[in-house]
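Here is a short report on one protein model.

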Amino acid sequence: MKILVLRFSSIGDIVLTTPVVRALKQQVPGAQVHYCTKPAYRSIIEPNPYVDKAHYLTGSLAELVAELKQEQFDFVVDLHNNLRTSILKLRLGVKSASFDKLNWQKWLLVNAKMDVLPRVHIVERYLAAAAPLGVQDDRQGLDYFIPPQDEVDLATLPAGFQRGYVAFAIGAQHATKRLPTERIIELCAQLGRPVVLLGGPEDESTGHIVEQALENSPTYNLATAPVYNACGRYSLNQSASLVRQAQLVVSHDTGLMHIAAAFRKEIFSVWGNTVPEFGMYPYRTEFRVLEVPGLPCRPCSKIGYAKCPQGHFRCMRDIRFDLDLPPTHDGR
């Protein structure tokens with residue numbers, strides 16, 4: 001049976017589809033599992049041993065349809081469920097199933113603050129789309145596969161980080177999902193351990209400000225808790241390697257949080273304008289949520305904004321960092 005899985009974006013969402021891909025490959029006899037996404041996510045898909053072939057939206061949708069038609073799929077599992085994937089399914093003309101996006105329930109929570117969302121993780125909704133093929137949750141959590149050449153040797157890090165560190169993913173696609181810089185500095189100080197700041201090139205300047213602020217603080221002990229700005233210095237898979245080797249992970253509601261969950265890391269999960277009730281909290285791993293509960297304007301969006309619509313940004317500025325850190329292997 002030849003099966004096509006559709007999910008065009010983004011990093012976290014694609015990682016969250018991995019239990020479906022694994023279940024299809026392992027539970028459907030003789031299954032050939034193909035995955036269709038954007039080329040930006042090639043490094044996530046191609047190392048996955050449960051994906052037999054990948055297809056990428058590199059040109060027009062018509063060109064992609066022509067490529068996919070040649071495969072003669074038996075079934076399409078649509079884990080994006082938008083206009084583009086609807087057109088693809090219509091043009092391919094084979095049996096398909098889509099996951100429930102819960103759009104109206106999310107709309108009610110965002111706009112009327114009425115919470116009628118089911119307490120179901122998005123992974124379970126993804127798996128429900130594949131249920132017509134007889135697959136079930138194997139309870140093995142998320143997958144993330146790092147090619148050997150992308151593994152980061154900790155001996156290449158500065159000396160203060162080679163015996164252990166906290167990975168802090170400081171980025172997020174939308175500003176209202178990120179702590180203000182001064183609060184990142186405060187949280188790093190409360191961690192009191194070596195901290196590796198992770199993010200893309202767009203986060204490099206923020207990481208530099210955090211690094212400099214702590215280095216220049218007269219009360220901060222750099223000898224026991226140095227800070228290393230790794231933002232923009234590593235590829236996605238290399239950043240994933242640093243997450244995998246961390247003692248614990250701090251992350252906003254973003255892709256590296258789900259990568260950390262794939263490695264069963266303990267996570268401090270920071271939430272601003274979005275909420276865990278949307279069903280995208282860390283999956284099958286230990287985690288603690290850092291948020292402002294009961295804030296009447298929250299959630300203000302199911303995605304995020306460039307700035308707080310209310311102007312006060314209390315959802316991030318008022319978070320209490322009550323950290324009860326587990327002991328490390330070397331007593332730090």
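Pro-299 sits in the loop between strand S11 (287-290) and helix H12 (314-317). Helices (H or I, at least four residues) and strands (E, at least two) are DSSP runs, numbered from the N terminus. The model is predicted: local features need pLDDT of at least 70, side-chain atom pairs count only at pLDDT 80 or more, and totals for chains, interfaces and linings use all residues. Residues are numbered from 1 along each chain as its sequence is written, and side-chain values use heavy atoms, with hydrogens and water left out.

**Backbone**

A cis peptide bond links Arg-298 to Pro-299, with omega about 0°. Another cis bond joins Ser-9 and Ser-10, with omega about -15°. Ser-10 belongs to the loop between S1 and helix H1 (11-16).

Buried means under 20% relative accessible area, exposed over 50%, and partly exposed in between (1.4 Å probe, protein chains only).

**Strands**

Two strands pair if DSSP finds at least two bridges between them. Strand S1 (residues 2-6) runs parallel to S2, joined by five bridges. S2 also pairs with strand S3 (residues 53-56), in the parallel sense, over four bridges. His-34 of S2 is the bridge partner of Leu-4. In S3, Lys-53 is the bridge partner of His-34. Five of the six residues of S2 (residues 32-37) are buried, so the strand is largely enclosed by the rest of the structure.

**Cores**

A nonpolar core is a set of buried Ala, Val, Leu, Ile, Met, Phe, Trp, Tyr and Cys residues joined through side-chain atoms within 4.5 Å. The largest has 63 residues; Leu-24, Val-77, Tyr-144 and Tyr-165 have the most contacts inside it. Apart from it lies another core, of 30 residues, including Val-250 and Cys-315.

Helix H10 (residues 236-244) has buried residues Asn-237, Ser-239, Ala-240, Ser-241, Leu-242 and Val-243. Their cover includes helix H3 (42-45), strand S9 (248-252) and helix H11 (255-262), where contact means heavy atoms within 4.5 Å.

**Cysteines**

How many disulfides are there? The count is zero, a disulfide being a pair of cysteine sulfur atoms within 2.5 Å. For Cys-231, the closest cysteine sulfur is in Cys-188, 10 Å away and too far for a bond. Cys-231 is buried, at 0% relative accessibility. The sulfur of Cys-308 lies 6.1 Å from that of Cys-315, its closest, also too far for a bond. Cys-308 is buried at 17%.
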